[in-house]
Amino acid sequence: MKDDCIFCKIAAGKIPSATIYEDSHFRVFLDINPATKGHCLIVPKEHFENIYELDADTAGKAFVLATLISRALKNVLGCDGLNVVQNNGPIAGQSVFHFHMHLIPRYRDDGLSLLVEQEPGDMEEIQRIRQLLKDELQ
């Protein structure tokens with residue numbers, strides 16, 4: 001646990017939360033500033049600042065848990081869809097520097113937009129980046 005991390009404190013139960021699920025690795029709680037009804041956060045109990053620090057085992061468990069919680073949100077709230085959001089770094093919107101996943105139920109006409117405008121990319125640049133990444137991953 002990192003002493004100055006609010007999510008470490010919430011995950012450890014030192015700060016109250018609207019917890020909907022807890023096991024030995026994670027706490028899942030409703031966001032106190034929800035984007036939509038049922039917006040919740042999946043927070044590992046171990047401190048990882050972001051996805052770059054996250055180990056593969058915790059990442060896998062987080063996504064398995066995301067599917068479980070997502071199904072419960074759909075069954076209980078009847079949402080029409082769901083966004084899974086995970087931000088890394090201030091430029092990407094991360095405001096609490098403890099890895100976490102947002103599960104945001106979506107409802108027809110909820111007024112929330114998380115869509116990114118897309119335009120065709122430069123195919124030469126795409127191929128150049130593709131090769132650089134393939135080389136890095138080998």
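**Notebook: a predicted model**

I began with Phe29, whose place is in strand β2. Helices (H or I, at least four residues) and strands (E, at least two) are DSSP runs, numbered from the N terminus. The model is predicted, so I noted that local features need pLDDT of at least 70 and side-chain atom pairs count only at pLDDT 80 or more, while totals for chains, interfaces and linings use all residues. Residues are numbered from 1 along each chain as its sequence is written, and side-chain values use heavy atoms, with hydrogens and water left out.

**Phe29**

I looked up the accessibility of Phe29 and found it buried, with a relative accessible area of 5%. Buried means under 20% relative accessible area, exposed over 50%, and partly exposed in between (1.4 Å probe, protein chains only). I also looked up Gly89, which is 60 residues from Phe29 along the chain; their C-alpha atoms are separated by 22 Å.

**Salt bridges**

I took a salt bridge as a side-chain nitrogen of Lys or Arg within 4 Å of a carboxyl oxygen of Asp or Glu. By this rule I have 5 salt bridges.

I found one between Asp57 and Lys61, with the closest N and O atoms 3.1 Å apart. These two are 4 residues apart in helix α2 (residues 56-77), so about one helical turn separates them. Asp57 is partly exposed at 48% relative accessible area, and Lys61 is partly exposed at 31%.

Another joins Glu125 and Arg128, again with closest N and O atoms 3.1 Å apart. Glu125 and Arg128 are 3 residues apart in helix α3, which means a separation of about one helical turn.

Arg106 forms a salt bridge with Asp110, and there the closest N and O atoms are 2.8 Å apart. Arg106 counts as buried because its relative accessibility is 16%, whereas Asp110 is partly exposed at 27%.

I also noted that Glu22, Arg27 and Lys45 are linked in a network of salt bridges.

**Asp109**

Which residue other than glycine has a positive phi, near 65°? I found that it is Asp109. Most residues other than glycine have a negative phi. Asp109 is found in the loop between β5 and α3, and I list Asp109 as exposed, with a relative accessible area of 76%.

**Leu133**

My last entry is Leu133, in helix α3 (residues 123-137). Leu133 counts as partly exposed because its relative accessibility is 48%.
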